[in-house]
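Colleague: I'm new to reading protein models. Could you walk me through this one?

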Amino acid sequence: MANVTVIGAQWGDEGKGKIVDWLASRADAVVRFQGGHNAGHTLVVGDKVYKLSLLPSGIVTGTLSVIGNGVVLDPWALKAEIEKLEGQGVTITPDNFAIADNCPLILPLHRDLDGLRETAAGAGKIGTTGRGIGPAYEDKVGRRAIRVCDLAHLDHLEPQLDRLCAHHDALRAGFDQPPVDREELLADLREIAPFVLQFAQPVWKRLKKVRKAGAKILFEGAQGVLLDVDHGTYPFVTSSNTVSGTAAAGSGLGPGSTGFVLGIVKAYTTRVGSGPFPTELNDDVGQRLGERGHEFGTVTGRQRRCGWFDAVLVRQSCAISGVTGIALTKLDVLDGFDAVRICTGYRLDGKILDYFPSHAADQAAVEPIYEEMEGWRETTAGARSWADLPAQAIKYIQRVQELIETPVALVSTSPEREDTILVRDPFLDRG
């Protein structure tokens with residue numbers, strides 16, 4: 001049995017929730033390895049809809065769910081999400097849920113700083129969710145973070161608070177804000193500590209044991225490869241590495257544990273917030289894609305920008321993340337178009353590029369080169385086999401495979417778990 005790592009191969013919002021839920025029902029453990037509660041997954045299980053931001057998708061089916069050390073954890077958001085899910089009948093205990101004790105915490109001061117910076121940035125806004133993710137990662141690499149394990153030693157936190165406040169008080173002064181209220185922060189941490197600590201442990205050790213027993217592990221990424229802090233559309237990116245290689249570092253298991261890398265790819269392209277988007281459509285077609293695809297963020301509710309499928313970007317994402325196969329989602333949104341288009345390259349300063357350049361000015365200036373294909377009138381919604389798909393839809397899928405140089409492992413044709421065409425089983429296929 002292979003382990004499986006699931007990542008978004010575009011700018012996030014590719015429909016990972018349904019695919020991860022489908023895989024989680026067959027996994028023995030699900031591990032979140034990066035990001036924070038800025039990522040949203042919507043799961044539809046029967047007649048119930050679960051909206052997750054932080055908890056791994058396996059939690060709704062009782063599968064062992066682990067938050068790895070690569071995640072930044074807002075303990076108050078965690079408590080609220082757990083209480084909400086428990087209200088929906090989900091059981092969450094230390095038996096089926098664990099948090100890495102070396103996870104950095106997102107504190108109220110991080111949320112403050114995130115908001116202050118975005119407000120002051122003007123035209124330079126990145127479009128963050130304002131939830132403190134970036135500032136928390138900054139404190140992690142700046143070696144001044146408060147971590148989950150520190151919640152058990154709050155009486156000895158003064159030296160760390162000195163380092164943390166020396167940094168944040170100076171920044172807050174620049175925004176005409178008062179210094180951090182250390183006593184209030186400590187009181188807040190004391191109040192939340194017992195709740196978090198019941199789940200805290202060295203998860204690398206638990207995962208090692210799980211793996212040794214031959215269990216199937218599903219590594220669940222957040223956001224998408226194009227938001228990776230190194231490989232994405234910098235600076236309009238998230239604050240962590242979203243590529244599949246992070247599954248190893250963000251969980252405490254070695255690089256050989258990541259297994260089959262499944263890239264989730266939407267049949268068109270969307271992104272939330274600011275940043276370059278070569279195939280964006282500011283017209284009736286873009287509006288139609290957004291309305292038919294219900295393109296609103298799970299976490300923010302923000303309307304997503306929409307455009308045609310960009311094979312250049314997805315090919316690049318698949319190469320960088322070592323994608324074994326893709327899950328193509330939301331094919332039904334393209335139903336009824338007379339013609340569909342795929343971006344196959346870019347023009348920049350008279351040259352043709354087969355990759356997305358690194359510099360922000362070049363990214364903003366590229367012009368997409370399109371290939372047009374005949375559309376299909378029949379519906380693909382709910383299809384569960386190739387025989388259920390219109391011929392032109394199959395041609396579209398085959399052309400996507402060719403252009404991104406990566407095979408399709410499965411096709412998702414609705415939010416329902418069973419509406420899936422399986423080509424290669426990631427848990428049985430080592431690639």
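Colleague: Which residues does the domain assignment give to domain 2?

Modeller: The bounds come from an automatic or database domain assignment. Domain 1 takes 3–103 + 199–260 and domain 3 takes 265–422. Domain 2 is given as 108–197.

Colleague: What should I know about the model and its numbering?

Modeller: This is a predicted model: local features need pLDDT of at least 70, side-chain atom pairs count only at pLDDT 80 or more, and totals for chains, interfaces and linings use all residues. Residues are numbered from 1 along each chain as its sequence is written, and side-chain values use heavy atoms, leaving out hydrogens and water.

Colleague: Why do the buried residues of helix 3 line one face of the helix?

Modeller: Helices are DSSP runs of H or I with at least four residues, strands are E runs of at least two, and both are numbered from the N terminus. Buried means under 20% relative accessible area, exposed over 50%, and partly exposed in between, using a 1.4 Å probe and protein chains only. In helix 3, Leu 109, His 110, Leu 113, Asp 114 and Glu 118 are buried. Seen down the helix axis, by the directions to the C-beta atoms, they line one face because they fall within an arc of 160 degrees.

Colleague: Which helices do those buried residues pack against?

Modeller: Contact here means heavy atoms within 4.5 Å. On the other side of helix 3, Thr 119 and Ala 120 are exposed. The buried residues pack against helix 4 (133–141), helix 5 (158–174) and helix 6 (182–197).

Colleague: Is Lys 140 buried or partly exposed?

Modeller: Lys 140 is found in helix 4. Its relative accessibility is 34%, so Lys 140 counts as partly exposed.
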